[in-house]
Amino acid sequence: RGRLPSLVWSTKELHKKQSSVRYQKVSQLASLMWNSSNNSLYFRGEVATYLFRKITMPFLSFLVLIGLFPFCITYSRTPPTFLIYGISLFCFVVFFTLLNAMVIIGANHVLPPYVAIFLPFVVLFSLTYKRFHALL
């Protein structure tokens, strides 16, 4: 045998170990959130935070289109391409930093999970929609 006889390797126990909530699928997160009554309030808040994050991330592409559209449709011969790329990249990094901060805030119950996740999207939408709507 080996040097550690007290260490028992069991593949059943290995597969039983639950992975982090962060890496679960949306369907697994939904079942953890609504079907399990024995989970603590802290765990349900963490599950809700990651569930809302995974649900809202596909809407980010629409917000990016709404935010960039007014800057890309300019009536000039030389559009400020570098400025558009620079502002887009900066805003993208700031948004993801804010979103990751809000995930931590929501998972630790500083704010309710739905407020923590939807707040960056609402702020970004309110900042970009006014200029987008003016073009329509």
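Visitor: Where does threonine 56 lie?

Guide: Threonine 56 lies in helix α3, where a helix is a DSSP run of H or I with at least four residues, a strand is a run of E with at least two, and the numbering starts at the N terminus. This is a predicted model, in which local features need pLDDT of at least 70 and side-chain atom pairs count only at pLDDT 80 or more, while totals for chains, interfaces and linings use all residues. Residues are numbered from 1 along each chain as its sequence is written, and side-chain values use heavy atoms, with hydrogens and water left out.

Visitor: Why is threonine 56 called buried?

Guide: Its relative accessible area is 4%, and buried means under 20%, exposed over 50% and partly exposed in between, with a 1.4 Å probe and protein chains only, so threonine 56 counts as buried.

Visitor: Which residues is threonine 56 in contact with, leaving aside its neighbours within four places in sequence?

Guide: With those neighbours set aside, threonine 56 is in contact with Ile117, Phe118 and Phe121, contact meaning heavy atoms within 4.5 Å. Its side chain also reaches the backbone oxygen of phenylalanine 52 at 2.9 Å and that of arginine 53 at 3.3 Å. A polar contact is a pair of N or O atoms within 3.5 Å, where within protein one must be able to donate a hydrogen and the other to accept it, and where residues adjacent in sequence count only if both atoms are side-chain atoms.

Visitor: What makes the pair of phenylalanine 92 and phenylalanine 96 edge-to-face or stacked?

Guide: A pair of aromatic rings is described by the distance of the centres and the angle of the planes. Rings of Phe, Tyr and Trp (its six-membered ring) pair if their centres lie within 6.5 Å, and planes under 30 degrees apart count as stacked, over 60 as edge-to-face and the rest as tilted. By this rule the count comes to four aromatic pairs. The centres of phenylalanine 92 and phenylalanine 96 are 4.8 Å apart with their planes at 70°, so this pair is edge-to-face. Both residues lie in helix α5 (residues 81–107), four residues apart, about one turn of the helix. Phenylalanine 92, at 39% relative accessible area, is partly exposed, and phenylalanine 96 is partly exposed at 23%.

Visitor: Which values describe the pair of phenylalanine 95 and phenylalanine 121?

Guide: That pair is edge-to-face, with 5.2 Å centre to centre and 80° between the planes. It links distant parts of the chain, with phenylalanine 95 in helix α5 and phenylalanine 121 in helix α6 (residues 113–135), 26 residues apart. Phenylalanine 95 is buried at 6% relative accessibility, and phenylalanine 121 is buried with a relative accessible area of 8%. Ring pairs link Phe92, Phe95, Phe96 and Phe121 into a cluster.

Visitor: Why does tyrosine 114 count as partly exposed?

Guide: Tyrosine 114, which lies in helix α6, has 47% relative accessibility and therefore counts as partly exposed.

Visitor: How many helices and strands are there in the chain?

Guide: The chain has six helices and zero strands, and buried residues make up 26% of its 136 residues.
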